[in-house]
Amino acid sequence: MCPPTKSSAIRAAMAADDWRRAISLAARLPRLDKHREAILDAQGAYTNARFYVQIGKDPQALIEAGRVALIERFGSCA
């Protein structure tokens with residue numbers, strides 16, 4: 001039996017509809033390619049939504065963009 005990987009933990013969180021955990025786990029990975037900015041912005045929106053509102057960004061839109069980026073990067077959770 002293989003030990004669980006970070007990717008499998010992210011996919012498990014996605015499958016459980018725990019997007020906050022999935023984004024949090026993914027934000028710690030060093031190589032996210034073109035999805036890096038969206039995932040890090042989503043993590044920031046979860047942890048400090050008031051800041052993003054102050055700079056004129058919609059935290060829910062950032063979280064949704066991060067969710068879409070996770071699906072593109074790690075595959076569908078279905």
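Arg 73 lies over the face of Phe 74, at 5.1 Å from the ring centre; a charge sits over a ring if NZ of Lys or CZ of Arg is within 6 Å of the ring centre and within 35 degrees of the ring normal. Arg 67 is placed over the face of Trp 19, at 5.2 Å from the ring centre. This is a predicted model, in which local features need pLDDT of at least 70 and side-chain atom pairs count only at pLDDT 80 or more, while totals for chains, interfaces and linings use all residues. Residues are numbered from 1 along each chain as its sequence is written, and side-chain values use heavy atoms, with hydrogens and water left out.

**Confidence**
- The mean pLDDT of the protein (the predictor's confidence in each residue, from 0 to 100) is 92, and 92% of its residues reach 70 or more.
- Confidence is lowest in H1, at a mean of 93, and highest in H3, at 97; helices (H or I, at least four residues) are DSSP runs, numbered from the N terminus.

**Nonpolar core**
- The largest nonpolar core has 16 residues; such a core is a set of buried Ala, Val, Leu, Ile, Met, Phe, Trp, Tyr and Cys residues joined through side-chain atoms within 4.5 Å.
- Helices H1 (6-15), H2, H3 and H5 each give two or more residues to this core.
- H2 supplies the largest share, six residues.
- Among the residues with the most contacts inside the core are Ile 10, Met 14 and Phe 74.
- Phe 74 touches Ser 7, Ile 10, Arg 11, Met 14, Ala 26, Leu 29 and Leu 32, not counting residues up to four places away in sequence; contact means heavy atoms within 4.5 Å.

**Helix H2**
- Seven of the nine residues of H2 are buried, so H2 is largely enclosed by the rest of the structure; buried means under 20% relative accessible area, exposed over 50%, and partly exposed in between (1.4 Å probe, protein chains only).
- The buried residues of H2 include Trp 19, Ala 22 and Ala 26, and they pack against H1, H3 and H5.

**Helix H3**
- H3 (residues 36-47) has twelve residues and reaches 17 Å from its first C-alpha to its last, close to the 16 Å expected at 1.5 Å a residue; the expected span is 1.5 Å times one less than the number of residues.
- Ile 39, Asp 41, Ala 42, Gln 43, Gly 44 and Ala 45 are the buried residues of H3.
- Their cover includes helix H2 (19-27), helix H4 (49-54) and helix H5 (59-74).
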